[in-house]
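Here is a friendly briefing to read alongside the structure below. Take the topics one at a time, and find each residue in the viewer as you go.

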Amino acid sequence: MQQELSLILPDDFHIHLRQGRDLANYAKSAALQFGRVLAMPNTEPPINSPEAVKKYKEEILAAAPNLEVLLTFKLNKNYTEQELLDMKKNGAVAAKYYPLGVTTNSQDGISKIEDIYPTIELLEKLDLVLCLHGEEPEAFCLDREREFLKHLEKLCKTFPNLRIVLEHVSSADAVEFVKKLPQNVAATVTVHHLILTLNDIVGDSLCPQNFCKPLPKFPKDKAAVREAVFSGNKKFFLGTDSAPHSLEKKECLCGAAGVYSAPVAIPILIEEFENENKLNLLSDFVAGYGADFYKIPRQTKKATYAKEEWQIPKTIDGAVPLRAGQTLKWKAK
Ligand code: DOR
Ligand code: ZN
């Protein structure tokens, strides 16, 4: 039996590192698992100017100097070409689109995507990536991703050279849709959408730590996400959407959406890929296809993992991690 595993140091192409006092802890925890991350902009205040991009990068690096940080900015308005160029210069590689009210800190999101087509046209021109939170807020919660696909289709037709990532893909419909679109459209996959269904949130008891957007859905949806990943399809790569919230924010009248997975993501993935007999595909999923899509060099540093049981703590950095209290088989060395 394999006792040790060496991988290229993983990338996380979708992570929330928050702001203020929490940022340092989350950035340090991320740096223990990943060599490179794409940090999401739904902070308070949002990352939506060249200065904010620069400052956020500096703050993350101050806490985690060895982490390679790629930035996003929030598409909560239209930008000038000069602003986009300056954000690119300051480290941004992608713009993030949030529909109005769809998830955490999206009260400044967009109600009609066509309103920001002028900026999207510039993204295409400047070869910046468009990252989509692909849910239609008005639809029934389990249909929101599917209902969004019409917007994705229109974007692809209107901006044929734009690189688009459908973030945290969670439904069989969206998986099949992305597969059929051209190579400039990809999807990130989270660890939680690979392993959870709605049952893990409300099936038996209520599990707020698994509550997130988009919702994990039916077994057939999980199966489709797994098939895309375990078939080695290069359009599907890791973006954990690790989204820590304090216990008080998760367990209250109006609990926040988000799964804190960064500290456990890679060990869980190793176990999942091993169980599927697909360990040979893991390196590309966590450290290959994403870099290729973002047109950045694959990392060369390695990370080693040992087969060693450990129990996931009940809280990490003040938040309940995915699979808290459970035992994992693999540990980062
Ligand atoms: O569950 C989620 N949490 N989904 C998102 O899209 C945002 C994230 C957060 O920032 O907490
Ligand atoms: Zn996210």
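Leaving out neighbours within four places in sequence, Asn184 is in contact with Pro160, Asn161, Leu162, Arg163, Ile164 and Phe293. Keep in mind that this is a predicted model. Asn184 sits in the loop between helix 6 (172–180) and strand 8 (185–189). Its relative accessibility is 17%, and because buried means under 20%, Asn184 counts as buried.

**A residue in helix 5**

- Leu152 belongs to helix 5, which covers residues 144–158.
- Is Leu152 buried or exposed? With a relative accessibility of 0%, Leu152 counts as buried.
- Not counting residues up to four places away in sequence, Leu152 touches Leu132, Ile164, Leu166, Phe177, Leu181 and Val185.
- From C-alpha to C-alpha, Leu152 and Ala174 are 9.9 Å apart in space, while 22 residues separate them in sequence.

- Helix 4 spans residues 117–126 and is mostly covered, with seven of its 10 residues buried.
- Which residues of helix 4 are buried? They are Tyr117, Thr119, Ile120, Leu122, Leu123, Glu124 and Leu126.
- These buried residues pack against strand 4 (68–74), helix 3 (81–89), strand 5 (92–97), strand 6 (129–132) and helix 5.
- Just after helix 4 comes Asp127, which takes a positive phi of about 60°.

- Eight strands make up an open sheet, and their order is 2-3-4-5-6-7-8-9. The pairing is parallel.
- Strand 2 and strand 9 stand at the edges with a single partner strand each, so one side of each has no neighbour in the sheet.
- On average, neighbouring strands of this sheet are turned by 30° against each other, direction ignored.
- As a reminder for reading such pictures, strands of a sheet pair through backbone hydrogen bonds, either parallel or antiparallel.
- Strand 2 pairs with strand 3 (residues 36–39) in the parallel sense over three bridges.
- To see this pairing in the viewer, look for Asp12, which stands opposite Val37 in strand 3.

**The zinc site**

- Which protein residues are the donors of the zinc ion (ligand 2)? They are His14 (NE2), His16 (NE2) and Asp241 (OD), lying 2.0 Å from the ion.
- Along the sequence, the donor residues of this zinc ion follow the spacing H-x1-H-x224-D.
- His16 lies in the loop between strand 2 (11–15) and helix 1 (20–33), and Asp241 in the loop between strand 9 (236–238) and helix 10 (247–250), so the pair ties together parts that are 225 residues apart in sequence.
- Both His16 and Asp241 are buried.

**The cysteines**

- A disulfide is a covalent bond between the sulfur atoms of two cysteines.
- How many disulfides does a search of the whole structure find? The search finds zero.
- For Cys131, the closest cysteine sulfur is in Cys156, and at 14 Å it is too far for a bond.
- Cys131 is buried, and its relative accessible area is 0%.
- Cys252 is in no disulfide either, with the nearest cysteine sulfur, that of Cys254, 6.8 Å away.
- Cys252 counts as partly exposed, at 42% relative accessibility.

Conventions: Residues numbered from 1 in each chain as written. Chains lettered and ligands numbered in written order. Predicted model: local features only at pLDDT ≥ 70, side-chain atom pairs only at ≥ 80, totals over all residues. Heavy atoms only, no water. Donors = N, O, S within 2.8 Å, 3.2 Å for Na, K, Ca; no water. Helix = DSSP H or I, 4+ residues; strand = E, 2+ residues; numbered from the N terminus. Buried < 20%, exposed > 50% of the residue type's maximum accessible area, 1.4 Å probe, protein only. Pairing = 2+ DSSP bridges. Axes fitted to C-alpha atoms, helices over the stretch in contact; angles between N-to-C directions. Contact = heavy atoms within 4.5 Å. Disulfide = S-S within 2.5 Å.
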